[in-house]
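Work through the exercises below with the structure open beside you. Try each task before you read its solution.

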Amino acid sequence: MESLQDALFRHFPYARLVLAVGPNKEFALVCCNDAAAQLYGISVGMQAKGRQLHHVLIHSMAEFLERGGVQCLTEQKMLISEPVALH
């Protein structure tokens, strides 16, 4: 059974991605909610989990998200950005 926290994340109306940062500062997808899956065209199945963003998203979208991720790491704070229609 899905926990309340998992259900809230999954059904949150705004796109949310959880990313992991690798040793070379490459970003991999840990999970995403339903809104992100729909917006970015990601299969919510296990085939996307753990894969680098460039293997899951179109190039321009992966680049956009990675720039934001690098900014988060550099500034050591969370970044909230508006979705951009890149595809």
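The model is predicted.

**Exercise 1. Describe how strand 1 and strand 2 are arranged.**

Solution.
- Step 1: Look at the connection. Strand 1 and strand 2 form a hairpin, with five residues between them.
- Step 2: Check the turn. Lys 25 lies there and has a positive phi of about 60 degrees.
- Step 3: Find the pairing. The strands run antiparallel and are joined by five bridges.
- Step 4: Pick one pair. Leu 17 has Cys 32 in strand 2 as its bridge partner.

**Exercise 2. Find which face of helix 4 is buried.**

Solution.
- Step 1: Size the helix. Helix 4 has 17 residues and spans 24 Å from first to last C-alpha, close to the 24 Å expected.
- Step 2: List its buried residues, that is, those under 20% relative accessible area. They are Met 61, Ala 62, Leu 65, Glu 66, Gly 68 and Gly 69.
- Step 3: Look down the axis. The buried residues of helix 4 fall within an arc of 160 degrees, so they line one face.
- Step 4: Turn to the other side. His 59, Arg 67 and Thr 74 are exposed there.
- Step 5: Ask what covers the buried residues. The cover includes strand 1, strand 2, helix 2 and helix 3.

**Exercise 3. Identify the residues that touch the most other members of the largest nonpolar core.**

Solution.
- Step 1: Take the 14 residues of this core. Tyr 40, Ile 42 and Leu 57 touch the most other members.
- Step 2: Locate the contributors. Strand 2, helix 2, helix 3 and helix 4 each give two or more residues.
- Step 3: Follow Ile 42. Beyond its neighbours within four places in sequence, its contacts include Leu 17, Leu 29, Ala 48 and Val 56.

Terms used:
Residues are numbered from 1 along each chain as its sequence is written. This is a predicted model: local features need pLDDT of at least 70, side-chain atom pairs count only at pLDDT 80 or more; totals for chains, interfaces and linings use all residues. Side-chain values use heavy atoms; hydrogens and water are left out. A nonpolar core is a set of buried Ala, Val, Leu, Ile, Met, Phe, Trp, Tyr and Cys residues joined through side-chain atoms within 4.5 Å. Buried means under 20% relative accessible area, exposed over 50%, partly exposed in between (1.4 Å probe, protein chains only). Helices (H or I, at least four residues) and strands (E, at least two) are DSSP runs, numbered from the N terminus. Contact means heavy atoms within 4.5 Å. Two strands pair if DSSP finds at least two bridges between them. The expected span of a helix is 1.5 Å times one less than its number of residues. The arc is that of the directions from the helix axis to the C-beta atoms.
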